[in-house]
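Work through the exercises below with the model open. Try each task before reading its solution.

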Amino acid sequence: PILMDFHLHTAHIADRLLYPYRQLLRPGPPVPGVHPLALPNAAAAMAWLDAERATLLATQRAAVVLGRHDVVWHLAWNLEVFRRWRGHQRDTLAAWRAALVAAAHLPDPATRSRTHQILGDACSRLGLHQEATGHLDQALALAVRHHDPAQQARTHAMLALAWERRRDDRRA
């Protein structure tokens, strides 16, 4: 758990440096004895993420095996900007597929909607159009069920992009 929490909390610090305006979704506190790296700036954050890319993937896989659902989900979230900027689309897809399973074990229903939305977008970017719209439809249904208009709006925007990528301007 110490190494896992070190990676998670350092990734969280890196994410905040890369994109400080993004919605803040904090992981739980690290276990005692964990001291995340004090990354000084976005360049250092990107360098650390580049160097630790394989290790961070392995950390998420280990968290899946150990049932650390919060770590699985928060690693997907905190590495999203990095992966998008670096074009690691396959990593993104794998991370969010794992996060979807983890989200079913987490208490916040908004987490499930958000996960379907991001996974749908990842699928859409890779041309997995049917899977993309399935996840986005799920995200929208969950957002409606939980009376979350902001999540509904974000999901409608992602659906429009997904349909545009399918070259279906009418549905977009």
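A residue counts as buried under 20% relative accessible area, as exposed over 50% and as partly exposed in between, with a 1.4 Å probe and protein chains only. This is a predicted model, in which local features need pLDDT of at least 70, side-chain atom pairs count only at pLDDT 80 or more, and totals for chains, interfaces and linings use all residues. Residues are numbered from 1 along each chain as its sequence is written, and side-chain values use heavy atoms, with hydrogens and water left out.

**Exercise 1. The fold**

Task: Describe the make-up and the dimensions of the protein chain.

Solution. Start with the secondary structure. Helices (H or I, at least four residues) and strands (E, at least two) are DSSP runs, numbered from the N terminus. The protein chain has nine helices and zero strands. Its elements therefore read α-α-α-α-α-α-α-α-α from the N terminus, and the radius of gyration is 16 Å, close to the 16 Å of the globule rule for 172 residues, so the chain is as compact as a globular protein of that length. That radius is taken over C-alpha atoms, and the rule is 2.2 Å times the number of residues to the power 0.38. Next, take the extents. The C-alpha trace spans about 55 × 30 × 30 Å along its principal axes. Finally, 44% of the 172 residues count as buried.

**Exercise 2. Aromatic pairs**

Task: How many aromatic pairs are there, and what is the geometry of Tyr-19 with Tyr-21 and of Trp-73 with Trp-77?

Solution. Apply the rule. Rings of Phe, Tyr and Trp (its six-membered ring) pair if their centres lie within 6.5 Å; planes under 30 degrees apart count as stacked, over 60 as edge-to-face and the rest as tilted. The count comes to three aromatic pairs. One of them joins Tyr-19 and Tyr-21, edge-to-face, with 6.4 Å centre to centre and 80° between the planes. Tyr-19 is partly exposed because its relative accessibility is 38%. Tyr-21 is exposed, at 74%. Trp-73 and Trp-77 form a stacked pair, with 5.8 Å centre to centre and 10° between the planes.

Now place the tryptophans. Both lie in helix H4 (residues 69–78), four residues apart, so about one helical turn separates Trp-73 from Trp-77. Trp-73 is buried, because its relative accessibility is 3%. Trp-77 is buried too, at 7%. Trp-73, Trp-77 and Trp-96 make up one aromatic cluster.

**Exercise 3. Charges over a ring**

Task: Which residues lie over the face of Trp-77?

Solution. Check the criterion. A charge sits over a ring if NZ of Lys or CZ of Arg is within 6 Å of the ring centre and within 35 degrees of the ring normal. Arg-22 meets it, at 3.7 Å from the ring centre of Trp-77. Arg-114 also lies over the face of Trp-77, at 5.8 Å from the ring centre.

**Exercise 4. The largest pocket**

Task: What is the volume of the largest pocket, and which residues are closest to its centre?

Solution. On a 1 Å grid over the protein atoms alone, a pocket is an open set of points where a 1.4 Å probe fits, with protein on both sides within 12 Å along at least five of seven lines; lining residues have an atom within 4 Å of a point. A volume is the space filled by probe spheres set on the points. The largest pocket has a volume of about 390 Å³. Its lining has 14 residues, and the closest to the centre are Arg-22, Glu-80, Arg-84, Gln-117 and Ile-118. Helices H5 (80–86), H7 (109–125) and H9 (149–165) each supply at least two lining residues.

Sort the lining by class.

**Exercise 5. Positive phi**

Task: Where do His-147 and Arg-167 lie, and are they buried or exposed?

Solution. Recall the background. Most residues other than glycine have a negative phi. His-147 has a positive phi of about 50°. His-147 sits in the loop between helix H8 (129–145) and H9. His-147 is exposed, at 69% relative accessible area. Arg-167 has a positive phi of about 65°. Arg-167 belongs to the segment after H9. Arg-167 is exposed, at 74% relative accessibility.
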